[in-house]
Amino acid sequence: MPGTSLRLFGGAITAIAPNNLLDASEIRQIPDTQEVLLFPDSSISIIVEILQRVEPDDNQDAVKYHFDSLAHDNDALSSEVVSVNLILNDRGDATPSVTTLTGIQRVPKFNRLIPDEVRVLMALYRVVEKGIDLVVSFNIPVKSEDGGAVRGEKLQQAQEQFDLFARSLRIEDFNVFA
(Lines give C-alpha, C1' and ligand atoms only; values in the text may rest on other atoms or scores of the structure.)
Protein backbone atom coordinates (compact mmCIF):
# COMPACT_ATOMS: atom_id res chain seq x y z
CA MET A 1 0.00 0.00 0.00
CA PRO A 2 2.13 2.90 -1.22
CA GLY A 3 1.73 6.12 0.68
CA THR A 4 3.20 9.57 0.94
CA SER A 5 3.25 12.32 3.53
CA LEU A 6 0.31 14.52 2.61
CA ARG A 7 0.52 18.22 3.50
CA LEU A 8 -2.86 19.65 4.52
CA PHE A 9 -3.78 23.28 5.23
CA GLY A 10 -0.48 24.51 3.80
CA GLY A 11 1.56 21.92 5.70
CA ALA A 12 0.11 22.75 9.15
CA ILE A 13 -1.21 19.17 9.30
CA THR A 14 0.43 16.09 7.79
CA ALA A 15 -0.68 12.48 7.39
CA ILE A 16 0.34 9.44 5.40
CA ALA A 17 -2.09 8.84 2.53
CA PRO A 18 -2.19 7.10 -0.84
CA ASN A 19 0.01 9.01 -3.28
CA ASN A 20 -2.59 9.10 -6.07
CA LEU A 21 -5.34 11.11 -4.32
CA LEU A 22 -6.98 13.96 -6.23
CA ASP A 23 -7.43 17.36 -4.61
CA ALA A 24 -11.12 18.23 -4.96
CA SER A 25 -10.32 21.97 -4.77
CA GLU A 26 -8.97 21.65 -8.31
CA ILE A 27 -12.45 20.56 -9.44
CA ARG A 28 -14.84 22.55 -7.23
CA GLN A 29 -15.00 25.21 -4.51
CA ILE A 30 -14.00 23.89 -1.06
CA PRO A 31 -14.34 25.94 2.17
CA ASP A 32 -11.08 27.13 3.77
CA THR A 33 -11.81 24.95 6.79
CA GLN A 34 -11.84 21.75 4.70
CA GLU A 35 -9.50 19.63 2.63
CA VAL A 36 -11.31 17.17 0.34
CA LEU A 37 -9.47 14.35 -1.37
CA LEU A 38 -10.82 11.85 -3.87
CA PHE A 39 -9.65 8.38 -4.79
CA PRO A 40 -9.17 8.29 -8.59
CA ASP A 41 -10.31 4.66 -8.99
CA SER A 42 -13.40 4.61 -6.75
CA SER A 43 -16.06 6.80 -5.14
CA ILE A 44 -14.17 7.03 -1.83
CA SER A 45 -13.63 10.53 -0.48
CA ILE A 46 -11.63 11.90 2.44
CA ILE A 47 -12.69 15.07 4.19
CA VAL A 48 -10.48 16.77 6.78
CA GLU A 49 -12.38 19.52 8.53
CA ILE A 50 -11.54 22.11 11.19
CA LEU A 51 -14.67 22.62 13.32
CA GLN A 52 -15.65 24.45 16.48
CA ARG A 53 -15.37 22.15 19.47
CA VAL A 54 -18.76 20.60 20.24
CA GLU A 55 -20.33 20.46 23.69
CA PRO A 56 -19.91 16.85 24.79
CA ASP A 57 -16.68 16.70 26.81
CA ASP A 58 -16.46 12.93 26.46
CA ASN A 59 -14.56 12.06 23.26
CA GLN A 60 -16.82 9.11 22.43
CA ASP A 61 -19.92 11.29 22.74
CA ALA A 62 -18.23 14.02 20.68
CA VAL A 63 -17.30 11.71 17.78
CA LYS A 64 -20.86 10.33 17.79
CA TYR A 65 -22.14 13.93 17.69
CA HIS A 66 -20.01 14.63 14.58
CA PHE A 67 -21.18 11.37 12.98
CA ASP A 68 -24.84 12.30 13.63
CA SER A 69 -24.19 15.80 12.25
CA LEU A 70 -22.73 14.28 9.07
CA ALA A 71 -25.77 11.99 8.76
CA HIS A 72 -28.04 15.04 9.08
CA ASP A 73 -26.02 17.02 6.51
CA ASN A 74 -26.17 14.04 4.11
CA ASP A 75 -29.97 13.68 4.58
CA ALA A 76 -29.28 10.09 5.64
CA LEU A 77 -32.38 7.94 5.91
CA SER A 78 -30.69 6.01 8.71
CA SER A 79 -27.33 5.82 10.45
CA GLU A 80 -25.71 3.36 12.82
CA VAL A 81 -22.55 3.53 14.91
CA VAL A 82 -20.73 0.19 14.68
CA SER A 83 -17.73 0.91 16.91
CA VAL A 84 -15.82 3.66 18.71
CA ASN A 85 -12.16 3.36 19.76
CA LEU A 86 -9.46 5.50 21.33
CA ILE A 87 -5.94 5.42 19.84
CA LEU A 88 -3.38 7.01 22.13
CA ASN A 89 -0.70 9.23 20.64
CA ASP A 90 2.50 7.66 21.94
CA ARG A 91 4.82 9.50 19.51
CA GLY A 92 5.67 12.26 21.96
CA ASP A 93 4.37 15.16 19.84
CA ALA A 94 1.56 17.56 20.79
CA THR A 95 -1.08 16.05 18.46
CA PRO A 96 -4.03 14.89 20.59
CA SER A 97 -4.90 11.21 20.83
CA VAL A 98 -7.56 10.21 18.31
CA THR A 99 -11.02 8.79 18.83
CA THR A 100 -12.18 6.75 15.83
CA LEU A 101 -15.67 5.72 14.82
CA THR A 102 -16.94 3.23 12.27
CA GLY A 103 -20.51 3.71 11.12
CA ILE A 104 -22.98 3.09 8.32
CA GLN A 105 -25.26 5.69 6.73
CA ARG A 106 -27.98 5.09 4.13
CA VAL A 107 -27.87 8.17 1.94
CA PRO A 108 -30.14 9.05 -1.00
CA LYS A 109 -28.09 10.14 -4.02
CA PHE A 110 -29.13 12.07 -7.11
CA ASN A 111 -32.87 11.33 -6.79
CA ARG A 112 -32.32 7.55 -7.06
CA LEU A 113 -34.92 5.30 -5.48
CA ILE A 114 -32.49 3.09 -3.57
CA PRO A 115 -30.17 4.90 -1.14
CA ASP A 116 -26.42 4.28 -1.14
CA GLU A 117 -24.99 2.52 1.89
CA VAL A 118 -21.88 4.41 2.96
CA ARG A 119 -19.34 3.17 5.48
CA VAL A 120 -18.07 6.19 7.36
CA LEU A 121 -14.68 5.96 9.06
CA MET A 122 -14.24 9.00 11.27
CA ALA A 123 -11.34 10.27 13.37
CA LEU A 124 -11.66 13.05 15.95
CA TYR A 125 -8.73 15.05 17.34
CA ARG A 126 -9.81 17.47 20.09
CA VAL A 127 -7.61 20.55 20.33
CA VAL A 128 -9.04 21.73 23.64
CA GLU A 129 -6.82 24.80 24.14
CA LYS A 130 -7.93 26.18 20.76
CA GLY A 131 -11.60 25.17 21.06
CA ILE A 132 -11.30 23.02 17.91
CA ASP A 133 -12.40 19.57 16.79
CA LEU A 134 -10.37 18.30 13.85
CA VAL A 135 -12.49 15.68 12.07
CA VAL A 136 -11.32 13.27 9.37
CA SER A 137 -13.96 11.28 7.46
CA PHE A 138 -13.38 8.51 4.93
CA ASN A 139 -16.68 8.02 3.06
CA ILE A 140 -16.78 4.60 1.41
CA PRO A 141 -19.85 3.56 -0.62
CA VAL A 142 -20.40 -0.17 0.02
CA LYS A 143 -23.75 -0.41 -1.82
CA SER A 144 -24.53 1.88 -4.72
CA GLU A 145 -26.82 1.83 -7.76
CA ASP A 146 -24.20 3.56 -9.91
CA GLY A 147 -21.62 0.76 -9.66
CA GLY A 148 -19.30 2.81 -7.44
CA ALA A 149 -19.53 0.43 -4.48
CA VAL A 150 -16.31 -0.69 -2.80
CA ARG A 151 -16.15 -4.30 -1.59
CA GLY A 152 -13.80 -7.08 -0.67
CA GLU A 153 -10.10 -6.35 -0.98
CA LYS A 154 -10.64 -2.68 -1.92
CA LEU A 155 -12.78 -2.19 1.20
CA GLN A 156 -10.07 -3.78 3.35
CA GLN A 157 -7.44 -1.53 1.71
CA ALA A 158 -9.58 1.55 2.42
CA GLN A 159 -9.86 0.51 6.09
CA GLU A 160 -6.07 0.08 6.27
CA GLN A 161 -5.52 3.45 4.60
CA PHE A 162 -7.84 5.10 7.13
CA ASP A 163 -6.01 3.43 10.03
CA LEU A 164 -2.64 4.65 8.71
CA PHE A 165 -4.00 8.17 8.04
CA ALA A 166 -5.54 8.43 11.53
CA ARG A 167 -2.46 7.09 13.34
CA SER A 168 0.01 9.18 11.33
CA LEU A 169 -1.87 12.50 11.37
CA ARG A 170 0.29 15.12 13.00
CA ILE A 171 -0.52 18.74 13.77
CA GLU A 172 2.69 20.54 12.82
CA ASP A 173 1.48 24.11 13.37
CA PHE A 174 -1.28 24.80 15.90
CA ASN A 175 -1.59 28.37 14.55
CA VAL A 176 -3.75 26.92 11.75
CA PHE A 177 -6.52 27.00 14.40
CA ALA A 178 -6.13 30.77 15.07
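This is a predicted model: local features need pLDDT of at least 70, side-chain atom pairs count only at pLDDT 80 or more; totals for chains, interfaces and linings use all residues.
Q: How many bridges join β6 to β7?
A: There are 9, joining β6 (residues 78-87) to the antiparallel β7. Within that pair, Val 84 stands opposite Leu 101 of β7. On pairing with β8, β7 forms 10 bridges, again in the antiparallel sense, and Val 98 has Tyr 125 in β8 as its bridge partner.

Q: And β4 with β5?
A: β4 and β5 run antiparallel and are joined by 5 bridges. Leu 38 stands opposite Ser 45 in β5.

Q: Is β7 mostly covered or mostly exposed?
A: Strand β7 (residues 98-107) is mostly covered, with 9 of its 10 residues buried. Buried means under 20% relative accessible area, exposed means over 50%, and partly exposed lies in between, using a 1.4 Å probe and protein chains only.

Q: Which strands form the open sheet of 3?
A: The order there is β1-β2-β10, with antiparallel pairing. β1 (4-8) and β10 (170-171) are at the edges, each with a single partner strand, so one side of each is left without a neighbour in the sheet. Helix α2 (residues 152-168) packs on this sheet and touches β1, β2 and β10; touching, or contact, means heavy atoms within 4.5 Å. β1 pairs with β2 (residues 13-17) in the antiparallel sense over 5 bridges, and Leu 8 stands opposite Ile 13 in β2.

Q: Turning to α1, which of its residues are buried?
A: They are Ala 62, Val 63, His 66, Phe 67, Leu 70 and Ala 71. These buried residues of α1 pack against β5, β6, β7, β8 and β9.

Q: What caps the N-terminal end of α1?
A: Asp 58 does, through a side-chain oxygen that lies 3.1 Å from the backbone nitrogen of Gln 60. After α1 comes Asp 75, whose phi is positive, near 55°.

Q: Which residues have the most contacts inside the largest nonpolar core?
A: Ile 46, Val 136, Phe 138, Ile 140, Phe 165 and Leu 169 have the most contacts inside this core of 36 residues. A nonpolar core is a set of buried Ala, Val, Leu, Ile, Met, Phe, Trp, Tyr and Cys residues joined through side-chain atoms within 4.5 Å. Two or more residues come from each of β1, β2, β5 (45-52), β8 (116-127), β9 (132-143) and α2. The largest share, 6 residues, is from β9.

Q: What does Leu 169 touch?
A: Not counting residues up to four places away in sequence, Leu 169 touches Ile 13, Thr 14, Ala 15, Arg 91, Thr 95, Tyr 125, Leu 134 and Val 136.

Q: Now the loops: where does Ile 30 lie?
A: Ile 30 is in the loop between β3 (22-23) and β4 (34-38). Ile 30 is buried, at a relative accessible area of 14%. Leaving aside neighbours within four places in sequence, Ile 30 is in contact with Ala 24, Ser 25 and Val 36.

Q: And where is the place of Asp 93?
A: Asp 93 is in the loop between β6 and β7, and is partly exposed, with a relative accessible area of 21%.

Q: With which side chain does the side chain of Asp 93 make a polar contact?
A: The partner is the side chain of Arg 91, at 2.6 Å. The Asp 93 side chain also reaches the backbone nitrogen of Thr 95 at 2.8 Å. A polar contact is a pair of N or O atoms within 3.5 Å; within protein, one must be able to donate a hydrogen and the other to accept it, and residues adjacent in sequence count only if both atoms are side-chain atoms.

Methods
Residues are numbered from 1 along each chain as its sequence is written. Side-chain values use heavy atoms; hydrogens and water are left out. Two strands pair if DSSP finds at least two bridges between them. Helices (H or I, at least four residues) and strands (E, at least two) are DSSP runs, numbered from the N terminus. Axes are lines fitted to C-alpha atoms, for helices over the stretch in contact, and angles run from 0 to 180 degrees between N-to-C directions.
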